[in-house]
Structures are given as structure tokens and as C-alpha cells.
Amino acid sequence: MIQLSHVYKTYPGPVHALKDLSLTIEKGEFLFITGPSGAGKTTLFKMLSAFDRPTTGGLVVAGQSLIHLSKKQAPFLRRKIGVVFQDFKLLSDKTVFDNIILPLQILGEKRHHIMNRARDVLEQVGLLDKANTLCSSLSGGEQQRVAIARAIIHRPGLLIADEPTGNLDPKLALEIMKLFQRVNEQGTTVVIATHDYALLEKFGKRRIHLVGGQVSQDFL
Ligand SMILES: Nc1ncnc2c1ncn2[C@@H]1O[C@H](COP(=O)(O)OP(=O)(O)OP(=O)(O)O)[C@@H](O)[C@H]1O
Ligand SMILES: [Mg+2]
């Protein structure tokens with residue numbers, strides 16, 4: 001599903017955000033990425049979701065090399081991926097409903113299918129009663145759940161979530177992790193960056209610990 005070989009990402013400065021990173025993630029896996037602030041977790045996710053490219057190295061996602069992916073091709077790959085961004089990236093002047101249905105609209109899905117899926121995912125994240133609320137008037141935890149609903153609504157083959165429970169209370173955080181587990185059981189590969197070690201230990205899944213842009217530990 002995901003293969004990185006000797007990936008480097010260097011930002012101007014220079015800042016070496018990823019250094020000689022090699023990793024294989026199989027289709028259907030559920031795993032956590034951990035590591036201190038600045039370790040390269042968000043940078044890695046930007047590479048996986050084709051929002052940015054490695055400086056050097058090989059990167060294949062869903063059978064496609066992202067190294068030579070053109071600007072025109074990138075949106076097609078992103079349709080197969082769901083991303084929960086660390087900063088949500090919601091359209092604040094639009095309603096919850098309008099935000100979450102975007103991936104289905106891009107796919108050109110029929111109205112009744114969009115309505116059904118929207119109801120399902122809003123129920124799953126506990127926001128059915130907020131469907132018509134503007135995102136600008138939601139709490140941080142509610143916005144985070146909108147971002148999660150939008151990332152799973154199109155049943156992506158790969159779900160990447162960057163600190164998806166960072167703004168949630170412990171009970172809600174556990175519920176959201178269980179939701180990701182159910183999504184995974186339906187066939188989606190799930191990769192989650194988190195600082196919540198107590199929470200991830202409840203799941204007993206593979207964990208890749210990054211430090212300074214390199215894998216420091218990769219264990220079950
Ligand atoms: N656009 C950028 N330009 C320059 N440096 C950047 C840029 N984005 C990230 N960096 C640097 O790259 C390194 C890795 O950042 P990254 O955001 O990937 O860390 P992270 O593991 O996600 O941290 P956090 O846990 O705080 O979210 C950091 O040193 C950061 O300052
Ligand atoms: Mg980050």
C-alpha cells in the first residue's frame with residue numbers, strides 16, 4: 001500500500017524534516033506514528049497524501065509512484081485517500097454538511113447517496129444535530145469530528161489522520177479510535193499520528209516512532 005525508500009525531505013533553512021526514511025505499510029494495516037514535536041510526522045503525511053514531494057527517494061502509494069506525479073494527477077490519487085489534517089482545514093463559512101460532502105461531490109455521486117452517507121458519518125462522529133451549523137461556530141472538538149467525517153465519507157482505501165483526537169476528551173477520543181478501527185475492518189488502511197500513548201496502548205497495533213525524521217522504533 002505504502003512504500004518509502006530512502007526518503008529525504010529538506011525544507012529551506014535547511015531543515016532536514018525526513019532523513020533516509022524507509023518504510024513499508026501493507027494494505028489493510030492499522031498503525032500509529034508517534035514521535036516528539038518536530039519529528040516529521042506531519043511532513044510524512046504531506047508526502048503520503050501527495051500535498052508535497054520528497055526532496056529525494058522513492059515513494060509509492062496505492063501502486064502509484066508519487067515522485068513523478070504531475071499536478072494534474074495528484075487530485076486523482078487524493079480521491080482514494082482520506083486525510084484528517086492537524087489543523088482541520090475546514091471551510092469555516094460553510095455548514096458541517098457542506099464540508100463533509102465535498103469528497104462525494106468531487107466524485108460526482110448522486111444526491112440520495114450523498115445524503116445517506118452524510119447521515120451515517122455524522123451519526124458515527126456524534127454530530128447529526130449540527131449538520132446545518134456553520135463550522136466557524138463549532139468547538140475545537142466538534143471541528144475535529146467534522147474533519148474526521150469528511151475524511152471517511154468516501155470510504156477511502158487509505159485514511160491518514162494527524163492527531164485526530166488532540167482536541168477531544170478521553171471518552172470521545174476512545175470512541176473516535178474505535179470508529180477508525182471499524183473503518184479499518186471494512187478494508188481501509190489506517191495510519192494515525194498521535195501523542196496519546198495511553199490511548200494507543202489500548203489497541204495493541206504496530207507503532208512507528210520517529211525521531212529527527214528517522215525511524216527510531218518500529219514495533220507491535
Ligand atoms: N513548510 C516548512 N518549512 C520549513 N520547515 C518546516 C516546514 N514544515 C515543517 N518544517 C520543519 O520540519 C520539521 C518536522 O516538522 P513536522 O511538522 O513534520 O513535525 P511533527 O512531527 O508533525 O510535529 P508536531 O508533533 O509538533 O505536529 C520541524 O523541524 C519543522 O519545523
Ligand atoms: Mg505535526
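The following dialogue examines how several labels in this predicted model are assigned.

Guide: Residues are numbered from 1 along each chain as its sequence is written, while chains are lettered from A and ligands numbered from 1 in the order in which they are written. As this is a predicted model, local features need pLDDT of at least 70 and side-chain atom pairs count only at pLDDT 80 or more, whereas totals for chains, interfaces and linings use all residues.

Visitor: Why is Asp20 called partly exposed?

Guide: A residue is buried with 20 or more other C-beta atoms within 10 Å of its own, exposed with 12 or fewer, and partly exposed in between, the C-beta atoms being placed from the backbone. Asp20 has 15 other C-beta atoms within 10 Å, so Asp20 is partly exposed.

Visitor: Why does Ala62 count as partly exposed?

Guide: Ala62 has 16 C-beta neighbours inside 10 Å and therefore counts as partly exposed. Phi of Ala62 is also positive, near 50°.

Visitor: How do you know that the peptide bond between Gly13 and Pro14 is cis?

Guide: Omega of this bond is about 0°.

Visitor: What makes up the shell around ligand 1, by class?

Guide: Nonpolar means Ala, Val, Leu, Ile, Met, Phe, Trp, Tyr, Cys and Pro; charged means Asp, Glu, Lys and Arg; the others, Gly among them, are polar. On that basis the shell has four nonpolar, seven polar and one charged residues.
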